Amino acid sequence: MDLGAHVSAAGGVDKAVGRATAIGAEAIQLFASSPRGWKFKPIPDEKAESYREQAAAEGIRSTFLHGSYLVNIGGKPDLVEKSIDSLINHMNAAAQIGARGVIFHSGSHKGVGFDAVFEQAIAVLYTVLDNTDDDVHLIIENCAGLNAQIGASFAEIGMMIKAVDSPRLTVCFDTEHAFAAGYNLAEPDGIEKTMDEFDTEIGLEKLVVVHANDSKVELGSGIDRHENIGEGFIGIEGFEAIMAHPAFADVPFLLEVPGDNRKGPDKPNLDRLKDIRARLAAAAPR
C-alpha cells in the first residue's frame with residue numbers, strides 16, 4: 001500500500017508535491033479550494049501541468065481531492081444546488097491535475113431520516129457523475145454519525161452505491177469515523193467483522209482509499225476527533241491489524257492527523273505507518 005497524507009496546497013496545487021515528499025508521502029490528498037466556503041477558484045492550467053509533472057517525477061501514484069465540508073446531498077434545495085456545483089467543480093479540478101477522484105462527506109438529513117432524503121441524494125450523485133469526466137471517481141467517505149449524518153453505517157453507503165450502480169462511485173474508509181460510529185478497529189476480531197460487513201453492504205471492490213486516523217474519542221462516541229497514530233483509542237496494535245487485513249493490501253492510506261506539533265500530518269506519523277508496513281512485510285510468508 002502507498003502511504004501518504006493530506007498536505008497544504010497554499011500558493012498553488014503544485015506546491016503540494018514538495019510538501020508531501022518532504023515528509024515522505026507516497027500519495028497525496030489536498031483541497032482544490034477552501035473547504036469552508038462555496039467560492040471556487042479554478043486551477044490555472046500551468047499550475048495543473050506543473051502538479052502532474054512533479055507528481056510523476058516524484059513517483060506519486062495516487063492523488064485525491066477532498067471536497068468542501070459544506071456539501072450536503074440531503075439538504076434543502078438551495079443547499080443541494082450549491083453542493084452539486086461544488087462537487088462538479090472539484091471533479092473537474094481532479095481531472096485537470098490527474099487525481100483519481102474527489103472524497104466528500106454526504107452531509108446530514110437533519111433528523112428527517114435517511115429514507116426521507118434517499119431519492120434526493122441519489123439524484124445528486126447521478127447529476128454529478130453525468131456531468132463530469134468518466135475517469136474521475138466520486139468517493140463517499142463514511143462519517144462518525146453525530147447530528148444525523150448520512151453514511152455513518154455501511155448499510156446507508158451501500159444503498160447509495162447500489163442505487164447509482166456506477167463504477168465511478170466508490171468509497172473512502174476513514175478509520176476514526178468508523179471507530180466513532182461503533183466499528184471496533186482496535187482489535188483483530190473487530191476489524192474482521194467490520195470488513196465482512198463492509199463487503200456485504202458495499203463490496204470490497206468499492207474501497208479505493210483510506211483515511212488513516214487514530215481516535216481521540218471512545219468506540220461508538222459518534223464524534224469526529226482525530227488523533228495521531230498510536231496515541232488514540234485505536235492504537236498501534238489496531239493499525240497493525242488494520243494494515244494486515246487483506247482488504248487494505250493495495251489501498252492507499254492518507255493521514256489526516258493533527259501531527260506531533262499540531263500543524264497537520266507529519267513525518268513522525270507517516271514513519272509510524274511505514275514501520276508497521278515494514279514489519280508486516282518482514283513477517284509475510286515467502
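**Cysteines, barrel and buried residues in a predicted model**

A search of the whole structure finds 0 disulfides, a disulfide being a pair of cysteine sulfur atoms within 2.5 Å. The structure is a predicted model, in which local features need pLDDT of at least 70 and side-chain atom pairs count only at pLDDT 80 or more, while totals for chains, interfaces and linings use all residues. Residues are numbered from 1 along each chain as its sequence is written, and side-chain values use heavy atoms, with hydrogens and water left out.

Cys143 counts as buried at 8% relative accessibility, where buried means under 20% relative accessible area, exposed means over 50%, and partly exposed lies in between (1.4 Å probe, protein chains only). Cys172 is buried as well, at 0% relative accessibility.

Cys172 also has a place in the sheet, as the bridge partner in E6 of Glu141. Strands (E, at least two residues) and helices (H or I, at least four residues) are DSSP runs, numbered from the N terminus. Strand E5 (residues 137–141) and strand E6 (residues 169–174) run parallel and are joined by 4 bridges; two strands pair if DSSP finds at least two bridges between them. Helix H4 (residues 114–130) packs on the sheet, where it touches strand E4 (101–105), E5 and E6. The direction of H4 makes about 150 degrees with that of E5; axes are lines fitted to C-alpha atoms, for helices over the stretch in contact, and angles run from 0 to 180 degrees between N-to-C directions. Helix H7 (residues 188–201) packs on the sheet too, touching E6 and strand E7 (207–212), and its direction makes about 165 degrees with that of E6.

The sheet as a whole is a closed barrel of 8 strands with parallel pairing, in the order E1-E2-E3-E4-E5-E6-E7-E10. On average, neighbouring strands of this sheet are turned by 30 degrees against each other, direction ignored. Strand E1 (residues 3–6) pairs with E2 in the parallel sense over 2 bridges, and His6 stands opposite Gln29 in E2. Strand E2 (residues 27–30) is covered on both faces, with Ala27 and Gln29 buried on one side and Ile28 and Leu30 buried on the other.

His66 is located in strand E3 (residues 62–66) and is buried, with a relative accessible area of 2%. Its side chain makes a polar contact of 3.4 Å with the side chain of His105. A polar contact is a pair of N or O atoms within 3.5 Å; within protein, one must be able to donate a hydrogen and the other to accept it, and residues adjacent in sequence count only if both atoms are side-chain atoms. Apart from neighbours within four places in sequence, the residues in contact with His66 include Gln29, Leu30, His90, Glu141 and His211, contact meaning heavy atoms within 4.5 Å.

Ser86, in helix H3 (residues 77–97), counts as buried at 5% relative accessibility. Not counting residues up to four places away in sequence, Ser86 touches Trp38, Ser68 and Val71. Val136, in the loop between H4 and E5, is buried with a relative accessible area of 2%. Leaving aside neighbours within four places in sequence, Val136 is in contact with residues including Met91, Ala94, Gly101 and Arg168.

The count of aromatic pairs comes to 8. Rings of Phe, Tyr and Trp (its six-membered ring) pair if their centres lie within 6.5 Å; planes under 30 degrees apart count as stacked, over 60 as edge-to-face and the rest as tilted. The ring centres of Phe248 and Phe253 are 5.9 Å apart and the planes are at 80 degrees, so this pair is edge-to-face.

Most residues other than glycine have a negative phi. Lys110, in the loop between E4 and H4, has a positive phi near 60 degrees and is exposed, with a relative accessible area of 65%. Asp165 has a positive phi of about 55 degrees. This residue lies in the loop between helix H5 (154–164) and E6, and at 64% relative accessibility Asp165 counts as exposed.
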